[in-house]
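Q: Hi, could you walk me through this structure slowly? I'm new to this and would like to understand the words as we go.

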Amino acid sequence: MGGVRTALYNYLFAKKHGGDFILRIEDTDSHRFVPGAEEYIIESLRWCGIMPDEGLDDSMHLASEKSERNPHAPYRQSERKGIYRAYAEQLVRDGYAYYAFDTAEELEKARAEAEGAGQTFIYSALTRGGLRNSLTLEASEVASLLESRTDWTIRFKMPTDRVVEMDDIIRGHIEVNSSTLDDKVLWKRADELPTYHLANIVDDHLMEISHVIRGEEWLPSLPLHYLLYEAFGWERPQFAHLPLLLKPVGNGKLSKRDGDKMGFPVFPLRWEAPDGTVSRGYREDGYFPDAFVNLLAMLGWNPGTEQEIFSMQELVEAFSLEKVGKSGAKFNPDKAKWFNKEYLRMRSSTELAREFVPVLEAHGVSAAFDTVEQVVELIKERATFVADFWDIAWYLFKSPEEYVEKDAAKFFKAENVQMAREALESTSSAEAMEEYIRSKEWPMGKVMNCIRLALTGSSSGLGIADIMRFIGREEALARFRRAEERLL
RNA sequence: GGUGGGUUCGUAUAACGGCUAGUACUCAGGAUUUUCAUUCCUGCAAUAGGAGUUCGAUUCUCCUACCCACUACCA
């Protein structure tokens, strides 16, 4: 959800200002490759109607070849592997970065020691003088290590005591002293891949990115990114850091577990992880994509008016980063359902009927399409999801096999049954029956509910007139007789 | 621990430094209805605490508290 919302805000901002929304896959961590994840992202965006202007080819795969539509291809960073090393080494040449030869074990040890002394180890101006890197070793040794080993990295040489002044569209002016920052790894010889920081800056520059709109978790990296743009001498884009999506109860970021625990999806589409665990999706749970997009849009942003229901086009027109909030937004599952309910009502009965037909078939019911349409017309105000339709209206298609005991005891009493039978048998339509009951001055509620119980098996549901119109007088009488046989 | 960010009803949020702090969801009550649902009405409920600036602070400044993120050869 968080990822989709970030994509959505990027998309809305781009469309609002006549820009392009570009899809780029940042897969620079070879250890974290997840099969199917890329396809999942693309399918999710498509379902939501967040179509990238750039990044996909005609078969909806990430574009690898440059074309008129995809001038910055490839869009998968693992495919751009070759371009990053030169940029990293340029920084080394210019004195903004250096080679580091410390092994994972050595760093691990340094961290453990610092922790033992009650401190935190960071690779920085304070510590790099005592570590194995191109700043401390002889040039000749550096040259031979670069040649002989394949586990070195290029680190950013974080300046000391520089106040980095930053401006964020959402958060305003922020200042950080560079002395509190560490020498981040920019490029790894082991897999010849950059880390996020380098790849992001290089690609954003190469792809002519004007605005970086991303999650708040990136805010602490912003000074590094500023310094990188500066080191390259590149014009930097504008930044906007979005508030986090928080779990509905308690504190912290929204996680997969929250959804399972509280019964709502946290993924746009059903997702089966490589380890076999399955997470439900909004699509499979019956949410409409436009409802999902709408509810996501309202999580952290507001239009400044009281309008809550927005089409994608309306969102594009109304969106502005200035109206994005600063504080984390707790996700509210009830409100999510409310959105879907509103969207269900806006759908035409024809459209909903088309979705209802397969549900009916799954229950062994086949009905004429215009009949289904009429049913939908009758029940759409009562439902949140199309999947609710069957529970609401099943008795229009089959007679009840059992009766809710409590309701039967209350309404299917002998004295009511007498009146109900007479009303049913002496009239030919629901309207006439109602008139009949009125003229006899019988208690309407008791008689009607007695009939309803026979027709539906419980004391709640659609109006008797509507039910009878659908099942017909004969079926109504048959159901009533069956109820009498079974209950009296 | 360090750095940064954040804080208005339970939740999402509104309010050029100036109203009785508004709206939606949830919840409760009522009206309508043959039941249920819908619809409509009503209600519950908030500026974290403390200083300061000001004629006036939800809004600006500072302090405190609490929450979150980051602190990896992950993004």
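A: Gladly, and let us begin with a term: the axis of a helix is a line fitted to its C-alpha atoms over the stretch in contact, and the angle between two axes runs from 0 to 180 degrees, taken between their N-to-C directions. Please keep in mind that this is a predicted model.

Q: Okay, so at what angle do helix 16 and helix 19 pack?
A: Helix 16, which covers residues 414-426, packs against helix 19, residues 464-487, at an angle of about 160 degrees, and their axes are 11 Å apart. Angles over 145 degrees count as roughly antiparallel, and therefore helix 16 and helix 19 are roughly antiparallel to each other.

Q: And is that crossing left-handed or right-handed?
A: The crossing of helix 16 and helix 19 is left-handed. On the side of helix 16 the contact is formed by Val417, Arg421 and Leu424, while helix 19 brings Ala476, Leu477, Phe480 and Glu484. Sorted by class, the residues of this contact are five nonpolar and two charged, with no polar ones.

Q: What about helix 16 and helix 18, how do they pack?
A: Helix 16 and helix 18, the latter spanning residues 444-456, pack at about 80 degrees with their axes 9 Å apart, which means that helix 16 is roughly perpendicular to helix 18. In this contact Asn416, Val417, Met419, Ala420, Ala423 and Leu424 of helix 16 meet Lys446, Val447, Cys450 and Ile451 of helix 18. Their classes are eight nonpolar, one polar and one charged.

Q: Zooming out, which domains does chain A have?
A: The domain assignment of chain A gives domain 1 (2-66), domain 2 (81-242), domain 3 (246-344), domain 4 (347-389) and domain 5 (405-487). The C-alpha centres of domain 3 and domain 5 are 44 Å apart.

Q: Back to helices: at roughly what angle do the axes of helix 1 and helix 9 cross?
A: The axes of helix 1, residues 2-16, and helix 9, residues 289-297, come within 10 Å and cross at roughly 85 degrees, so helix 1 and helix 9 are roughly perpendicular to each other. Val4, Arg5 and Leu8 of helix 1 make this contact with Val293, Leu296 and Ala297 of helix 9, and these residues divide into five nonpolar and one charged, with no polar ones.

Q: Last one: where is Pro74, and which residue does its cis peptide bond join it to?
A: Pro74 sits in the loop between helix 2 (37-48) and helix 3 (81-93), and a cis peptide bond with an omega of about -5 degrees joins Pro74 to Ala73. For background, most peptide bonds are trans.

Technical notes: Residues are numbered from 1 along each chain as its sequence is written. Chains are lettered from A and ligands numbered from 1 in the order in which they are written. This is a predicted model: local features need pLDDT of at least 70, side-chain atom pairs count only at pLDDT 80 or more; totals for chains, interfaces and linings use all residues. Helices (H or I, at least four residues) and strands (E, at least two) are DSSP runs, numbered from the N terminus. Angles under 35 degrees count as roughly parallel, over 145 as roughly antiparallel, 65 to 115 as roughly perpendicular and the rest as oblique. A crossing is left-handed if the near helix is turned anticlockwise from the far one by less than a right angle, and right-handed if clockwise. Two residues are in contact if their C-beta atoms, placed from the backbone, lie within 7 Å. Ala, Val, Leu, Ile, Met, Phe, Trp, Tyr, Cys and Pro count as nonpolar, Asp, Glu, Lys and Arg as charged, and the others, Gly among them, as polar. Domain bounds come from an automatic or database domain assignment.
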